Amino acid sequence: MTAGCVMQQAKSPGAPAPQAPQQAAVMPPDLQGAVQDAETWGHALYDSYTAPKAENDKAVERAIATVHQSVKDHCSGTYRAVAVMPPSAPKDRIVIYDIGEVPASQGMMVGRHYRVETTLDGKGVLLGEPSTTGCVTLPPAAIGSAAPSTIADDLSPAPNEYHVFLSLMYGRSLEVVTQAGHWLVEHGKISYIGRS
């Protein structure tokens with residue numbers, strides 16, 4: 001098993017059909033802030049990524065160039081860097097997400113994506129974090145299937161902004177398994193299913 005987000009084995013063709021959707025449980029109070037941040041940043045990332053291409057200011061262009069120079073362990077696929085600055089973003093830096101994609105026929109790239117924070121002039125890196133430790137691609141969803149795709153995440157106790165972004169970008173429900181339990185990420189919202 002690769003560290004980071006890992007695809008769970010698909011059920012065999014003879015497995016019983018999934019039961020009714022799982023009900024949300026009470027979210028651990030100490031993770032509510034992380035979940036709110038993940039939803040805020042995930043929606044902002046989706047909005048920036050899907051917005052029409054706009055002219056960036058010089059500092060953002062330098063920040064994107066800095067990201068391209070500093071990230072050396074991309075997975076196979078193509079990457080696009082976008083600036084993401086929701087209202088809650090720190091004002092003393094530029095936040096760039098470097099998002100990878102694979103052709104739709106291959107599925108959905110869960111990771112590795114990157115969050116890189118640069119200085120306001122875009123020249124220096126203050127923080128660089130990958131979304132996963134390994135390269136993970138989920139196969140395309142089965143036609144007509146509404147069952148969530150299950151992934152494991154050992155980097156954080158709750159789903160992160162990448163899970164929110166992917167649920168919005170691909171219209172897929174994700175069941176994210178972390179050390180804190182099972183979570184459902186659907187339509188850009190995170191709910192806690194509980195431990196199983």
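At the start of H3, a side-chain oxygen of Asn160 comes to within 2.9 Å of the backbone nitrogen of Tyr162. This is a polar contact, meaning a pair of N or O atoms within 3.5 Å, one able to donate a hydrogen and the other to accept it, with residues adjacent in sequence counted only if both atoms are side-chain atoms. The model is predicted: local features need pLDDT of at least 70, side-chain atom pairs count only at pLDDT 80 or more, and totals for chains, interfaces and linings use all residues. Residues are numbered from 1 along each chain as its sequence is written, and side-chain values use heavy atoms, with hydrogens and water left out.

H3 is mostly covered, with seven of its ten residues buried (under 20% relative accessible area; exposed is over 50%, partly exposed in between, with a 1.4 Å probe and protein chains only). The buried residues of H3 are Glu161, Tyr162, His163, Val164, Phe165, Leu166 and Ser167. Just after H3, Gly171 takes a positive phi of about 65°.

Helix H1 (residues 32-50) packs against H3 (residues 161-170) at an angle of about 45°, and their axes are 7 Å apart. H1 is therefore oblique to H3, oblique being what remains once angles under 35 degrees (roughly parallel), over 145 (roughly antiparallel) and 65 to 115 (roughly perpendicular) are set aside. On the H1 side the contact (heavy atoms within 4.5 Å) is made by residues including Trp41, Leu45 and Tyr49, and on the H3 side by residues including Val164, Phe165 and Leu168. The residues of this contact divide into nine nonpolar, three polar and two charged.

The next stop is a loop. His113 sits between strand E4 (108-111) and strand E5 (114-118), and it counts as buried because its relative accessibility is 0%. The side chain of His113 reaches the backbone oxygen of Met109 at 3.0 Å, and a polar atom of that side chain lies 3.3 Å from the backbone oxygen of Val110. Leaving aside residues up to four places away in sequence, His113 touches residues that include Tyr162 and Leu166, as well as Tyr79, Asp98 and Glu129. Arg112 is found in the loop between E4 and E5 too, and a cis peptide bond with omega of about 20° joins Gly111 to Arg112. Most peptide bonds are trans.

Another loop, between strand E10 (181-186) and strand E11 (189-194), holds His187. At 64% relative accessibility, His187 counts as exposed. Phi of His187 is near 55°, a positive value in a residue other than glycine.

Terms used
Axes are lines fitted to C-alpha atoms, for helices over the stretch in contact, and angles run from 0 to 180 degrees between N-to-C directions. Helices (H or I, at least four residues) and strands (E, at least two) are DSSP runs, numbered from the N terminus. Ala, Val, Leu, Ile, Met, Phe, Trp, Tyr, Cys and Pro count as nonpolar, Asp, Glu, Lys and Arg as charged, and the others, Gly among them, as polar.
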